[in-house]
Structure formats: structure tokens, C-alpha cells
Amino acid sequence: MQIKGKVHEVGAEQQVSETFKKRDLIVEYAENPQYPEFIKFEATQDKTALFDGLKAGDEVEVNFNLRGRPW
């Protein structure tokens, strides 16, 4: 899947354990400009570096896969 939007916030890299790190990206998605949605993406491990060059207000295109569990 893919969305285009504006960077709302780039989180700091978090070292969760000795071997696991993550980083959040919040994108403002305005399919209906009157009611924008704020969608949170999470990158883990070496993918956290993908967010290094981003800052609030940047236009981005995010490609992602949805995964979930029934519980």
C-alpha cells in the first residue's frame, strides 16, 4: 500500500534492548483536508536510518505492508 502526505513528526531512535531499536514517523494524511488523519509508522533495526533526512513539513510518499493479529 502507499500514501502521500506531510511529515508531522520524526521520533527519536529508541534502543529498546541491546539488540533491538526502533523509530517512529507520524505522517499527516489529508484525503479530506478538513479532517486530516495522523498515521504512525514504525521502523526497526537498520531501517531507522530511513528517517534521518526527514523533518516536519516535508512531503513524503510511504510504501508499507499491513499486518495484524486477531487479538
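User: Let's start with Arg 23. Which backbone oxygen does its side chain reach?
Analyst: The side chain of Arg 23 reaches the backbone oxygen of Thr 48, at 3.4 Å. Keep in mind that this is a predicted model.

User: What polar contact does the Arg 23 side chain make with another side chain?
Analyst: A polar contact with the side chain of Asp 52, at 2.6 Å.

User: Where does Arg 23 sit in the fold?
Analyst: In strand 3, which covers residues 20-29.

User: Is Arg 23 buried or exposed?
Analyst: Buried. Its relative accessibility is 13%, and the limit for buried is under 20%, so Arg 23 qualifies.

User: Which residues does Arg 23 touch?
Analyst: Leave out residues up to four places away in sequence. Then Arg 23 touches Val 10, Gly 11, Ala 12 and Glu 13, among others. The list also includes Phe 41, Glu 42 and Ala 43, as well as Thr 48, Phe 51 and Asp 52.

User: Thr 48 came up there. Where is Thr 48?
Analyst: Thr 48 lies in the loop between strand 4 and strand 5.

User: And is Thr 48 buried or exposed?
Analyst: Thr 48 is buried, because its relative accessibility is 1%.

User: Which residues is Thr 48 in contact with, leaving aside neighbours within four places in sequence?
Analyst: Glu 13, Lys 21, Lys 22, Arg 23 and Ala 43.

User: OK, Glu 13 next. Where does Glu 13 lie?
Analyst: In the loop between strand 1 (2-10) and strand 2 (14-17).

User: How accessible is Glu 13?
Analyst: Glu 13 has 42% relative accessibility, so it counts as partly exposed.

User: What is Glu 13 in contact with, beyond four places in sequence?
Analyst: Lys 21, Lys 22, Arg 23 and Thr 48.

User: How far apart are the C-alpha atoms of Glu 13 and Gln 45?
Analyst: They are separated by 9.7 Å. Along the chain, Glu 13 and Gln 45 are 32 residues apart.

User: What stands out about the phi of Gln 45?
Analyst: Phi of Gln 45 is near 55 degrees, a positive value in a residue other than glycine. Most residues other than glycine have a negative phi.

User: Where is Gln 45 found?
Analyst: In the loop between strand 4 and strand 5. Gln 45 counts as partly exposed, because its relative accessibility is 30%.

User: Let's zoom out. How many helices and strands are there?
Analyst: Zero helices and five strands. Along the sequence the pattern reads β-β-β-β-β.

User: What box do the C-alpha atoms fill?
Analyst: Roughly 45 × 35 × 15 Å, taken along the principal axes.

User: How much of the chain is buried?
Analyst: Buried residues make up 23% of the 71 residues.

User: And what about the accessible surface?
Analyst: It comes to about 5800 Å². Carbon and sulfur atoms account for 48% of that surface.

User: How many of the contacts join residues at least 24 apart?
Analyst: 46%, among contacts between residues at least 6 apart in sequence.

User: What surrounds Val 27?
Analyst: Setting aside neighbours within four places in sequence, the contacts of Val 27 include Ile 3, Gly 5, Lys 6 and His 8. Glu 37, Phe 38, Ile 39 and Phe 41 are also among them, along with Val 60 and Val 62.

User: How far is the C-alpha of Val 27 from that of Glu 37?
Analyst: 8.1 Å, for two residues that are 10 apart along the chain.

User: Last topic, pockets. How much space lies in the largest pocket?
Analyst: About 430 Å³.

User: What lines the largest pocket?
Analyst: The lining has 13 residues. Phe 41, Glu 42, Ala 43, Asn 63 and Phe 64 lie nearest the centre.

User: Which elements give two or more residues to the lining?
Analyst: Strand 4 (37-44) and strand 5 (59-63). Strand 4 gives the largest share, four residues.

User: And how do the lining residues divide by type?
Analyst: Seven are nonpolar, three polar and three charged.

Methods:
Residues are numbered from 1 along each chain as its sequence is written. This is a predicted model: local features need pLDDT of at least 70, side-chain atom pairs count only at pLDDT 80 or more; totals for chains, interfaces and linings use all residues. Side-chain values use heavy atoms; hydrogens and water are left out. On a 1 Å grid over the protein atoms alone, a cavity is a set of points where a 1.4 Å probe fits but cannot get out, and a pocket is an open set with protein on both sides within 12 Å along at least five of seven lines; lining residues have an atom within 4 Å of a point. Grid points are joined across faces, edges and corners, and a volume is the space filled by probe spheres set on the points. Ala, Val, Leu, Ile, Met, Phe, Trp, Tyr, Cys and Pro count as nonpolar, Asp, Glu, Lys and Arg as charged, and the others, Gly among them, as polar. Buried means under 20% relative accessible area, exposed over 50%, partly exposed in between (1.4 Å probe, protein chains only). A polar contact is a pair of N or O atoms within 3.5 Å; within protein, one must be able to donate a hydrogen and the other to accept it, and residues adjacent in sequence count only if both atoms are side-chain atoms. Contact means heavy atoms within 4.5 Å. Accessible areas come from the Shrake-Rupley method with a 1.4 Å probe; for residues, only the protein chains shown count as cover.
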